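I opened a new page to walk through this structure, a few spots at a time.

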Amino acid sequence: MKPNQSLFCCTALLGILCSNGISAADRNKENKPNILFILCDDMGYGDLGCYGQKNIDTPSLDQMAQEGMRFTQAYAGSPVSAPSRASLMTGQHTGHGHVRGNKEYWREQSIVMYGSNKDFSVVGQEPYSPDHIILPEIMKNNGYTTGMFGKWAGGYEGSCSTPDKRGVDEYYGFICQFQAHLYYPNFLNRYSKAMGDTAVVREVLEENIQYPMYGEDYKKRPQYSADLIHQRALQWIEQQNPEQPFYGLLTYTLPHAELAQPNDSILRMYKQRFFTDKTWGGDEGSRYNPAVYTHAEFAGMITRLDKYVGEILAKLKEKGLDENTIVIFSSDNGPHEEGGADPAFFGRDGKLRGLKRQCHEGGIRVPFIVRWPGHVPAGTVNNHQLVFYDVMPTFCELIGDKRFPKKYLNKQTEGDCFDGISFAPTMLGNDEKQQKHDFLYWEFHETDQIGVRMDDWKMLVKKGVPYLYNLVTDLHEDHDVSADYPEIVKQMKEVIYREHRPSELFRITLPSLEP
């Protein structure tokens, strides 16, 4: 069955973008800040030294936290990749947004060959609705040059929602998150005006396809996707100039499984550190090759990512862009157990219950660090409750776009909305001016879970059954107190019924309104 491209490709947002247009030249005169958002993949709340990790070296990110603000109650948009990224991109929670799960389009596609390796002719996930504006389009409309490097996960190849159609000037990485399971893939996707691209294309990794995708000879593949993506990101930053504001979304795939990387000094260091290690046999169907040193591999991937962040910050300083560039680091959801990863070994949930795919705190609470020299107070730790759908209004406030949200709503789409609150006041050290959420909201169809946070209360609904926790006294969510606080349960159920909009693609079981 081919992807149905007509179902979600109805109305473009060109009219909205054009009607609100302000010339780039005018905006540049205002000296708007550059923004880099670095989003890693499946990093748990406790995976960084500055969040309490003792076994993994993260000097660059620890230094970034010392030079900026570290948030302790920041949340991803979802407990899995695609909908979490959709929440970031759309400014909507998963009760309102179109993309609420990892719906794939590659399983039933025809096969193409790369050497002797079989791959799919069309890959990718459910497209973002073209009837709702996304973050790169807003930044583009504010005169920004836009680049994205890493995982897209917002539409399959050829769909109505690929980077070239959604406000991204330069792209390199994985359109499909399933393809990203291989760190030495057959191809990466590219969109580059400088190279003459008119749409997203596949850039075949010729040295990799000489070897198989699975088994012992897989390790002979030399083209490591994480390094390739990082180098393109650095090249893009190198091309920027102080007269033109830029927005970069660097969606690195580290430390998602598979557990694979070059056997360089980083990995060798951890092989020595974890001399007694754990092995894993592999899963060819999931494209996770076997791993002999799972603890060393995982720790090495995080340190490698940390090294990338250090190189990005160094590049900004080298080009004199450091003081006018906001850099944010976060993760798309909590830690995983895929590909042989062992979160218990590293204490990776940071004393939080739950992993990826769960609406417990461990599945959705993530590291979140903001650095902007001279603007964000250095060395600060903040407990403001923020969530990915807050990023869009925050950026709009920081760049002075007063048209958000009203002018970006699509009047042709019934119920079009944004759910976020800007946390710019908190970022800039003005806590007293910070508006707070009445509640935070998540839903995830795959495990049939709904999460609601209201002040210090947390409700988790599993297959329609509500559980209530007080996060002040029970951060690990061990003690269900729903029977003791029926009025709180009632209030939070009402939030669910008010915020949830039915989705044929991503169905969820609502709790009964009856006690």
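**Charges over rings**

I began with arginine 232, which lies over the face of tyrosine 172, 3.8 Å from the ring centre. I count a charge as over a ring if NZ of Lys or CZ of Arg is within 6 Å of the ring centre and within 35 degrees of the ring normal. I also found arginine 365, whose charged end sits over the ring of tyrosine 45, 5.9 Å from its centre.

A note on ground rules: this is a predicted model, where local features need pLDDT of at least 70 and side-chain atom pairs count only at pLDDT 80 or more, while totals for chains, interfaces and linings use all residues. Residues are numbered from 1 along each chain as its sequence is written, and side-chain values use heavy atoms, with hydrogens and water left out.

**Glutamine 73**

I next looked up glutamine 73 and found it in strand 2, residues 69–75. Strands (E, at least two residues) and helices (H or I, at least four) are DSSP runs, numbered from the N terminus. Is glutamine 73 buried or exposed? Its relative accessible area is 13%, so I noted it as buried. For that word I use under 20% relative accessible area, with exposed over 50% and partly exposed in between (1.4 Å probe, protein chains only).

Which residues does glutamine 73 touch, leaving aside its neighbours within four places in sequence? I listed Arg365, Asn382, Asn383, His384, Gln385, Leu386 and Arg453, where contact means heavy atoms within 4.5 Å. A polar atom of the glutamine 73 side chain lies 3.0 Å from the backbone oxygen of asparagine 383.

**Aromatic pairs**

I then turned to the rings and counted 25 aromatic pairs. The rule takes rings of Phe, Tyr and Trp (its six-membered ring) with centres within 6.5 Å; planes under 30 degrees apart are stacked, over 60 edge-to-face, and the rest tilted.

One of the pairs joins phenylalanine 71 and phenylalanine 368, edge-to-face at 5.7 Å centre to centre and 85° between the planes. Phenylalanine 71 is in strand 2 and phenylalanine 368 in strand 11 (residues 365–371), so the pair ties together parts 297 residues apart in sequence. Phenylalanine 71 is buried at 0% relative accessibility, and phenylalanine 368 is buried at 0% as well.

Another entry is tyrosine 105 with tyrosine 156: the ring centres are 4.4 Å apart and the planes at 55°, so I marked the pair as tilted. Tyrosine 105 lies in the loop between helix 4 (81–90) and strand 3 (111–114), and tyrosine 156 in the loop between strand 5 (145–151) and strand 6 (170–174), so this pair ties together parts 51 residues apart in sequence. Tyrosine 105 and tyrosine 156 are both buried.

I also saw Phe37, Phe71, Phe368, Phe388 and Phe423 linked into a cluster by ring pairs.

**Asparagine 142**

Where does asparagine 142 sit? I found it in the loop between helix 5 (135–141) and strand 5. Asparagine 142 has a relative accessible area of 2%, so it is buried. Its side chain makes a polar contact with the side chain of aspartate 401 at 2.7 Å. Such a contact is a pair of N or O atoms within 3.5 Å; within protein, one must be able to donate a hydrogen and the other to accept it, and residues adjacent in sequence count only if both atoms are side-chain atoms. A polar atom of the asparagine 142 side chain is also 2.9 Å from the backbone oxygen of isoleucine 138.

Most residues other than glycine have a negative phi, and most peptide bonds are trans. With that in mind, I noted the peptide bond from leucine 254 to proline 255, which is cis with omega near 0°. The bond from alanine 257 to glutamate 258 is cis too, with omega near 20°. Proline 255 is in the loop between strand 9 (246–251) and helix 7 (265–273), and glutamate 258 lies in the loop between strand 9 and helix 7.

Arginine 287 has a positive phi, near 65°, and is buried at 7% relative accessibility.
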